[in-house]
Amino acid sequence: MHSSHTSRDFEAELRELRAHTLAMGARCERSLRLALEAFWENSMKLAAEVEEIDRHIDRDEMEIDALVLRVLALRQPVAYDLRFLATALKLVTDLERVGDEAVNIAERAKEGHGVAKDQVRVALKEMADQAQQMLRDALDAFVEGEATRAAQVLERDDTVDNLYGGILGSMMEFMATNPAEIPAAIRVIKVAKYLERVADHATNIAEEVIFMVRGEDVRHVRTHPPPNAR
């Protein structure tokens, strides 16, 4: 554990920052959940609610950025606290983009109906569940300062990628034999792509948590297999 601060003001600012970041994360999770419901149910009401939450998420990002920059300027933190603040700056950027992906998914609910999504309903719902769980676990790892839990998030990204690949293949075959359903199939592919991006942002957050806790930069490490992996 990192040592306690002598400044009560500094401690209060860090608590405020942590609480605000948690609230933003909770809004992102809710927005994503509602966006998926809007897509499956073709609900304009839920899609509008997602857009309203996104405006709040955008405000969260600006307010948290301002708070972090103020703390950096006034407190000159070092070691763990500096890494925590650097992580918070990056984390809110990823969260804001998760909010954007939720809006993108919700917008697909406003478009024409079709049967394409029924062809991959099980895989798409599994992909959505995996992406949402990755986001939840990455945020929990941030709150609890658990690098091990963050590392487990990284390991699940390939599962989401594989599900995306399967959905893409299924939709390509479906479009080849159902030309009238091509617009609906493209919407399904887009939703799957948005979910893949959510998983990528959850992965980014997990990598940031590992840096915060251990001081290790693990970005891009998994993209280079060990020599004996080939």
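Predicted model: local features only at pLDDT ≥ 70, side-chain atom pairs only at ≥ 80, totals over all residues.

1. Among contacts in the protein between residues at least 6 apart in sequence, what percentage join residues at least 24 apart? The share is 82%.

2. As regards the overall make-up, the protein holds seven helices and zero strands. Read from the N terminus, the order of elements is accordingly written α-α-α-α-α-α-α. Along the principal axes, the C-alpha atoms fill a box of roughly 70 × 50 × 20 Å. Of the 230 residues in the protein, 45% are buried.

3. An annotation should be mentioned next. An unreviewed UniProt entry lists "domain: PhoU" for residues 23-108 and 124-209. In the model, the stretch 23-108 is 94% helix and 0% strand, with 26 Å between its end C-alpha atoms. For residues 124-209 the corresponding values are 93% helix and 0% strand, and the end C-alpha atoms lie 28 Å apart.

4. Helix α7 covers residues 182-214, a run of 33 residues. At 1.5 Å a residue, such a helix should span 48 Å, and the distance between its end C-alpha atoms is 48 Å, so expectation and model agree. Just after α7 comes Gly215, whose phi is positive, at about 75°.

5. The packing of α7 against another helix deserves a separate point. Two packed helices are described by the angle between their axes and the distance between the axes. Helix α3, residues 79-108, packs with α7 at an angle of about 170°, and their axes are 9 Å apart. Angles over 145 degrees count as roughly antiparallel, and α3 and α7 are therefore roughly antiparallel to each other. The residues of this contact comprise 15 nonpolar, four polar and 10 charged.

6. Is His201 buried or exposed? Its relative accessibility is 10%, and buried means under 20%, so His201 counts as buried. Leaving aside residues up to four places away in sequence, His201 touches Asp94, Arg97, Val98 and Glu101.

7. His201 and Glu155 are 46 residues apart in sequence, while their C-alpha atoms are 14 Å apart.

Definitions and conventions:
Residues numbered from 1 in each chain as written. Heavy atoms only, no water. Helix = DSSP H or I, 4+ residues; strand = E, 2+ residues; numbered from the N terminus. Expected span 1.5 Å × (residues − 1). Axes fitted to C-alpha atoms, helices over the stretch in contact; angles between N-to-C directions. Parallel < 35°, antiparallel > 145°, perpendicular 65-115°, else oblique. Nonpolar A, V, L, I, M, F, W, Y, C, P; charged D, E, K, R; others polar. UniProt positions renumbered as here; feature names shortened; annotations may be inferred. Buried < 20%, exposed > 50% of the residue type's maximum accessible area, 1.4 Å probe, protein only. Contact = heavy atoms within 4.5 Å.
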